[in-house]
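Trainee: Could you take one part of this model and walk me through it closely? I'd like to see how it sits in the rest of the chain.

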Amino acid sequence: WASNLRWRAVAAACERLGIEHTKVGPYQPRTKAGAAAADAALNTGATACVAFNDLLAIGMLIRLKERGVRVPEDMSIVGCDDIFGADFCNPPLTTLTAPVEQAARLSVSMLLDRLQSERIGASALTRRHIAALPTHLTVRESTGSAPRRTPGGES
């Protein structure tokens, strides 16, 4: 469900901004799967990718470097989760940062509330609490301006 929510958000933003978008995958949310994801993204002609998570994005960075693709000059990469080490990549990974500790506390509260509500027949916490978590983009060096393309498709 997380992948579908993220994809719908990306697709909606692209449509609102008039940006062409294509979905590739799914891929396992692991570094090893990044090679296949990077190859698929290159085959679409994409100039930017939003990976499901940082592990997949890091795997993509590794594969793109192996193939001689410059990040961000030729392709920008964005991950999700801002895991430990995302800023140690080469280049450091731009990522969607969420308050993991706050989300964990909210999850426990929702679970306890759910258990209590089953006894009393009411629930105070709802999906709107999840939407209120302050998520933001942490911009690092894996993103940049889209490369210029000539009418023949060359950069």
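Mentor: Let's take H3: its 13 residues reach 18 Å from the first C-alpha to the last, close to the 18 Å expected at 1.5 Å a residue. That expected span is 1.5 Å times one less than the number of residues in the helix. Helices here are DSSP runs of H or I with at least four residues, strands are runs of E with at least two, and both are numbered from the N terminus. Keep in mind that this is a predicted model, where local features need pLDDT of at least 70 and side-chain atom pairs count only at pLDDT 80 or more, while totals for chains, interfaces and linings use all residues. Residues are numbered from 1 along each chain as its sequence is written, and side-chain values use heavy atoms, leaving out hydrogens and water.

Which residues of H3 are buried? They are Asp54, Leu56, Ala57, Ile58, Gly59, Met60, Leu61 and Leu64. Buried means under 20% relative accessible area, exposed means over 50%, and partly exposed is in between, with a 1.4 Å probe and protein chains only. The cover over those buried H3 residues includes H2, strand S1 (48–50), S2 and S3, with contact meaning heavy atoms within 4.5 Å. As background, an α-helix has 3.6 residues a turn, so residues three or four places apart point the same way.

Now for a charged link from H3. Asp39 and Arg63 meet through their side chains in a salt bridge, 2.9 Å from N to O. Asp39 belongs to helix H2 (residues 34–44) and Arg63 to helix H3 (residues 54–66), so this pair ties together parts that are 24 residues apart in sequence. A salt bridge here is a side-chain nitrogen of Lys or Arg within 4 Å of a carboxyl oxygen of Asp or Glu, and by this rule there are six salt bridges. Arg63 has 24% relative accessibility and counts as partly exposed.

Follow the chain past H3 and you come to the loop between H3 and S2, where Pro72 has its place. The peptide bond joining Val71 and Pro72 is cis, with omega about 10°. Another salt bridge pairs Asp74 with Arg70, their closest N and O atoms being 2.7 Å apart. Both ends count as partly exposed: Asp74 at 22% relative accessibility, and Arg70 at 47%.

The loop between S2 and S3 has several things to look at. Pro91 is found there, and the peptide bond from Asn90 to Pro91 is cis, omega being near 0°. Asp81 has its place in that loop too, with a positive phi of about 115° although it is not a glycine. Asp82 also lies in the loop between S2 and S3, and its phi is near 50°, again positive in a residue other than glycine. For context, most residues other than glycine have a negative phi, and most peptide bonds are trans. Asp81 is partly exposed at 32% relative accessibility, as is Asp82 at 24%.

Asp82 has a charged partner as well: its side chain meets that of Arg140 in a salt bridge, 3.1 Å from N to O. This pair links distant parts of the chain, 58 residues apart, with Asp82 in the loop between strand S2 (76–80) and strand S3 (94–97), and Arg140 in the segment after strand S4 (136–138).

What about the rings? Aromatic rings of Phe, Tyr and Trp (its six-membered ring) pair if their centres lie within 6.5 Å, and planes under 30 degrees apart count as stacked, over 60 as edge-to-face and the rest as tilted. By this rule there is one aromatic pair. The rings of Phe84 and Phe88 have centres 5.4 Å apart and planes at 85°, so they are edge-to-face. Phe84 is exposed at 77% relative accessible area, and Phe88 is exposed at 57%.

Zooming out, the protein chain has five helices and four strands, running α-α-β-α-β-β-α-α-β along the sequence. Buried residues make up 30% of its 155 residues. Among contacts between residues at least 6 apart in sequence, 65% join residues at least 24 apart.
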